[in-house]
Amino acid sequence: MKWTDYPMTTTSSTTMTIQRPPKVRVAIDLKQIKGNRITWALIPPTGYACSLIETWLKEPNRRFRFHFLSNRNRDRGGPACRGIYNKMTHAIILPGFVSLSGLIQCFVNTRKPEFGLGVVGLMLKRGFSVNVFNINLILKGLCRNNEVDKAVGLFGEIKRNGVLPDIVSCNTIINGLCKMKRLEESLNILYEMDDLGCCANLITYTTLMDGLCKEGRVDEAMELLEEMKREGLDADVIVYGALISGFCSREDFDKGKALFDEMLEKGISPNVVTYSCLMHSLCKMGQLKEATAMLNDMMQCGIRPDVITYTSLIGGLCRGGRATKAVDLLNLLLDKGEEPDDMTFNLLIEALCKGNRLDEAVEIYHMMVERGSSGNLVTYNILMGKYLTAGIIDKAMEMWKHILELGLVPNSITYSIMIDGFCQMGMLNVAKGLFSKIRASGLDPTLFDYNTLLASLCKESSLEQARRLFLEMRNAKHEPDIISFNTMLDGTLKAGDIQSAKELFNDMLQMGLTPDAWTFSTLINRFSKLGQLDEAKSVFQKMVACGFTPDTYVYDSLLKVLCSKGKTEEIFNLIQQMADKGVVLDSELTSTILTCLCNSSEDLDVMKLLPTFSQETSKGIRISCNELLLKLQECHPVFHQHAARD
């Protein structure tokens, strides 16, 4: 028997004795809802009264003090609505359509949209018709929970069961699909809308264009813009902002700026997002003057820059090597009442560390902590790396301790920084221990980690360990790169194992790797030191044939081996070749040339050259090989005749 079946009065002469359902505290009408407080009356509830309360409870952003019997709870209405529903069913009141609709919204608001589907089933069981409004609530809840597949399934199910989706349904599904980067499916919904009797609106097109732009498909977004215009819809600042952001993301600033100008011509006022996108793009291009001018224009238009705007400018200044100006901008940001985020601080800390201004970077870190931010993993990776580079191990370990205390999980970058830092300090055993710990942490060593350890092992002449690590790298499906092979070639030739070096070189070619300038330079240097003149000359010729320009290191190596073999004529030829190439000499190469010439001729008066050269090099001035040849020819006629003959 329903509550409505109980008679409130009787006209019969016979008095009926019935058992009343439990009395429940309930507000009888909205007049008793005062402020944020409900005045309760101890009366039996009616379905209307319960529905009325549910309507009030589900209003967004309403906070209230809810008293239910002896419990005192503070919430936003979801649990309260469910509590009312429970009391209604306990009082044998079957909730009506409004009550059940309110319950669906409560489940959606508490992120339990699947329970809302259960309420839909209850509605059908009670004989109510399910309308599209309730379905839209559930679609919204599912998409908000990233349960897009369920939302798409429900969308298809309602079409098959006679509930026609409306524009809200379509926009909800399109938005959910775009957020999951399922753009083709979202576009298909657009094309189906005509069949459903829905006309795409500004929200539809804006959502799709934003999704396309975020995936770099800006040209397709522009096509949608034209289609939208043909449908008689005018683009607003949100549409233009999405397109401008898309063009700036693919580094096409000119098209983004053209859209910005078009927007201004149409009288559409840009917002902080629009300006920030363009300024960020300008900063990435190094056009800080133009970015600053845009900031001034923005403020003159009464638009207040936010932390993203300032962070873009700070990032541009940091990339341009102007860390001091970036710090000044941080102070301006603080003066304007904006609160920097972790990215803002990290940009400054990194820039100061790169500029070898570690003390100032630490000051920024302390400022960050004082303002209530503990920093993130990026913060500690930067500082720990710089401390290790500077050889300040105790401070580096302090950063490592902070990482663990804050509950941050070290990533592969963290371990790479530490392995590299300890290798640079010659603490190879510590680096190897960290390398082993990577796997224990559930991570895989990176190619950089392998190459770093290989270089340190070869430097310490631990060739066998390096070979084992190189083999392990290949077995672990980390294909060695050109750096790996260059390192192993250098270490192998350093150990005098020419045959193994040739086999390594052939393996490198078979893997499709092309030797670079460092490969040729390494081979020439090591073959020269081993006295393998023919091998060194052969590699030199291949290097030139491949289009690489030998550097002073290569020429120095060749001159030394030629000198050791007494190849005077070839020394003169190589020096002349260096002069023709315009090689600029450093002190090492000049010293090698003079040594070669002294050993090749007893008549050369080196003392006439050394004072002049010493004065120039002491001031850090380099001279060209041609200048040195002219000086040699002036004071040594024999060399002049030899050079002329060549």
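Me: What N to O distance separates the side chains of Asp219 and Arg250 in their salt bridge?
Reply: This is a predicted model, in which local features need pLDDT of at least 70, side-chain atom pairs count only at pLDDT 80 or more, and totals for chains, interfaces and linings use all residues. Residues are numbered from 1 along each chain as its sequence is written, while side-chain values use heavy atoms, with hydrogens and water left out. A salt bridge requires a side-chain nitrogen of Lys or Arg within 4 Å of a carboxyl oxygen of Asp or Glu. Asp219 and Arg250 meet in such a bridge, and their N to O distance is 3.3 Å.

Me: How many residues apart in sequence are the parts that Asp219 and Arg250 tie together?
Reply: Helices (H or I, at least four residues) and strands (E, at least two) are DSSP runs, numbered from the N terminus. Asp219 belongs to helix α10 (residues 218-230), whereas Arg250 sits in the loop between α11 (237-249) and α12 (253-265), so the pair ties together parts whose separation in sequence is 31 residues.

Me: Is Arg250 buried, partly exposed or exposed?
Reply: Relative accessible area sorts residues into buried (under 20%), exposed (over 50%) and partly exposed (in between), with a 1.4 Å probe and protein chains only. Asp219, at 44%, is partly exposed. For Arg250 the relative accessibility is 33%, which counts as partly exposed.

Me: Which residue meets Arg250 in a salt bridge at 3.7 Å, N to O?
Reply: Arg250 has its bridge with Asp219 at 3.3 Å. At 3.7 Å, N to O, the side chain of Arg250 also meets that of Asp252.

Me: How many salt bridges does the structure hold?
Reply: Lys150 and Glu147 form one of them, their closest N and O atoms being 3.0 Å apart, and Glu147 is partly exposed at 23%. Elsewhere Glu226, Lys229, Glu262 and Lys266 are joined in a network of salt bridges. For the structure, the total is 29.

Me: How many disulfides does the structure hold?
Reply: The criterion for a disulfide is a pair of cysteine sulfur atoms within 2.5 Å. Cys199, which is exposed at 63%, has its closest cysteine sulfur in Cys198, 7.7 Å away and therefore too far for a bond. The number of disulfides held by the structure is 0.

Me: How many residues does the largest nonpolar core have?
Reply: A nonpolar core is a set of buried Ala, Val, Leu, Ile, Met, Phe, Trp, Tyr and Cys residues joined through side-chain atoms within 4.5 Å. Those with the most contacts inside the largest core are Met209, Ile349, Leu383, Leu559 and Met578. Contact means heavy atoms within 4.5 Å, and Met209, leaving aside neighbours within four places in sequence, is in contact with Ala221, Leu224, Leu225, Met228, Val239 and Leu243. The residue count of this largest core is 163.

Me: Which residue caps the N-terminal end of α19?
Reply: At the other end, α19 is followed by Gly391, whose phi is positive, near 80°. At the N-terminal end, a side-chain oxygen lies 3.2 Å from the backbone nitrogen of Val378, and the residue that supplies this cap is Asn376.

Me: What is the phi of Asn356, a residue other than glycine?
Reply: Most residues other than glycine have a negative phi. Arg111, in the loop between α3 (97-109) and α4 (113-125), has a positive phi of about 60°. Asn356 lies in the loop between α17 and α18 and is exposed at 62%. The phi of Asn356 is also positive, near 55°.

Me: What percentage of the 646 residues of the chain count as buried?
Reply: The secondary structure of the chain comes to 34 helices and 8 strands. Thr487, within helix α25 (residues 482-494), counts as buried at 15% relative accessibility. Over the 646 residues of the chain, the buried share is 45%.

Key
A polar contact is a pair of N or O atoms within 3.5 Å; within protein, one must be able to donate a hydrogen and the other to accept it, and residues adjacent in sequence count only if both atoms are side-chain atoms.
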